[in-house]
Amino acid sequence: MTAFREPLSSVNEAIGETPLVRVHASPDAAPVYAKLESFNPGASIKDRIGKYMLERLLERGDIDPGGTVIEPTAGNTGIGIAVAAGRLDLEAVFVVPERFSVEKQQLMRALGAEVINTPSEEGMGYAIERAHALAEELDNAIVPEQFSNPLNAEAHYETTAPEIDAALDGEVGAVVVGCGTGGTLMGLAEYFLERDPNTHIVAVEPEGSAYREFFGEDVPHEAYKTEGIGTHDIETNDLFDSDLVDEIATIPDRDTHEEMSRLAAEEGHLVASSSAANSVAAREIADRIDRGDLAVPHDTVVTVFPDSSERYLSKGVYRDYEEWEG
Ligand code: PMP
């Protein structure tokens, strides 16, 4: 890896070019690679969309320097936007449902942003409404709206995907990625399906989430502990295009929790629940490739580890399952 050998002029230049690391390495199995997104300055994959969306919105004149960016967010997008906004002469305000990790909310405030909490039971739909209502009250304000803004997926098409492609010399057989907004998966899917339409695309969600409704399935909506992926309201998600997706992997919280500890103890990955869910799903796909049950153009499986477990220690991620607050 040659990135970052030269001095950089600001933290925004340190976003991206994260390491791609082989996980659950067994020399006989189909290789699984994970992109370690906690290496970004704001320590998550969302730095990429924070920088990308704000730069494009400024270029287009959708907002001018000195303006206010308002975003409904579970936290990481807020941190990503706040990192980028500070260096682009923009103010940041975030509307965050209460249930999301306090560490993330503290970090958003530390980066100079204002955080407005909404009741958890009202869901993300309500946070989105509040953000738009606030933007209408202010001059020179915009809601980038990660759940519907094509720039979200485009950030991954333009940055995450080509980095993976270059690291693996184009030999990507399956892309297995958890969906919150679906931006990461859609950006990667579009890119790798252009390279090879037979690339196998898997969306990952926690059990209790409703992504299967995009495929016309009727699923019970249940609470889940895994943070950052899944949805209870597919209406709020305009990015997810089920035509690009071959299957949905639905991972129970218990498997995710066990995998979080295993990844730390056995592989040295201090990653959070969405990474662990991705890891479980990616291994299942690799196992099917090994057994000859899944035809793919290359046997390499790619996933992402969106952020680190340090951000969730207060929620007991490494305690017993029952004590993990989720
Ligand atoms: N993991 C974590 C920890 C996240 O914060 C998010 C974003 N909500 C995701 C995964 C999912 O990424 P995306 O929104 O691109 O689907």
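Residues are numbered from 1 along each chain, in the order in which its sequence is written. Because the model is predicted, local features need a pLDDT of at least 70 and side-chain atom pairs count only at pLDDT 80 or more, whereas totals for chains, interfaces and linings use all residues.

View 1. Helices here are DSSP runs of H or I with at least four residues, strands are runs of E with at least two, and both are numbered from the N terminus. Along the principal axes, the C-alpha atoms fill a box of roughly 60 × 45 × 40 Å. Of the 326 residues, 48% are buried, where a buried residue has 20 or more other C-beta atoms within 10 Å of its own, an exposed one has 12 or fewer, and a partly exposed one lies in between, with C-beta atoms placed from the backbone. Two residues are in contact if their C-beta atoms, placed from the backbone, lie within 7 Å; among the contacts with a separation of 6 or more, 71% join residues 24 or more positions apart.

**View 2. Helices α7 and α8 pack against each other.** Helix α7 spans residues 253–267 and helix α8 spans residues 273–291, and they pack at an angle of about 100 degrees with their axes 8 Å apart. Axes are lines fitted to C-alpha atoms, for helices over the stretch in contact, and angles run from 0 to 180 degrees between N-to-C directions. The two helices are therefore roughly perpendicular to each other, a term that covers angles of 65 to 115 degrees. From α7, the residues D255, T256, E259, M260 and L263 meet S273, A276, A277, S279 and V280 of α8. By class, this contact has five nonpolar, three polar and two charged residues.

**View 3. G16 lies in the segment before β1 (20–23).** Because G16 has 21 C-beta neighbours inside 10 Å, it counts as buried. Leaving aside residues up to four places away in sequence, G16 touches R48, T159 and E163. G16 and H156 are 140 residues apart along the chain, and their C-alpha atoms are separated by 10.0 Å.

**View 4. A43 lies in the loop between β2 (32–36) and α1 (46–60).** Although A43 is a residue other than glycine, its phi is positive, near 65 degrees. A43 counts as buried because it has 21 C-beta neighbours inside 10 Å.

**View 5. D169 lies in the loop between α5 and β7 (174–178).** With 9 C-beta neighbours inside 10 Å, D169 counts as exposed. D169 and L36 are 133 residues apart in sequence, and 18 Å separates them in space, C-alpha to C-alpha.

Technical notes: Angles under 35 degrees count as roughly parallel, over 145 as roughly antiparallel, 65 to 115 as roughly perpendicular and the rest as oblique. Ala, Val, Leu, Ile, Met, Phe, Trp, Tyr, Cys and Pro count as nonpolar, Asp, Glu, Lys and Arg as charged, and the others, Gly among them, as polar.
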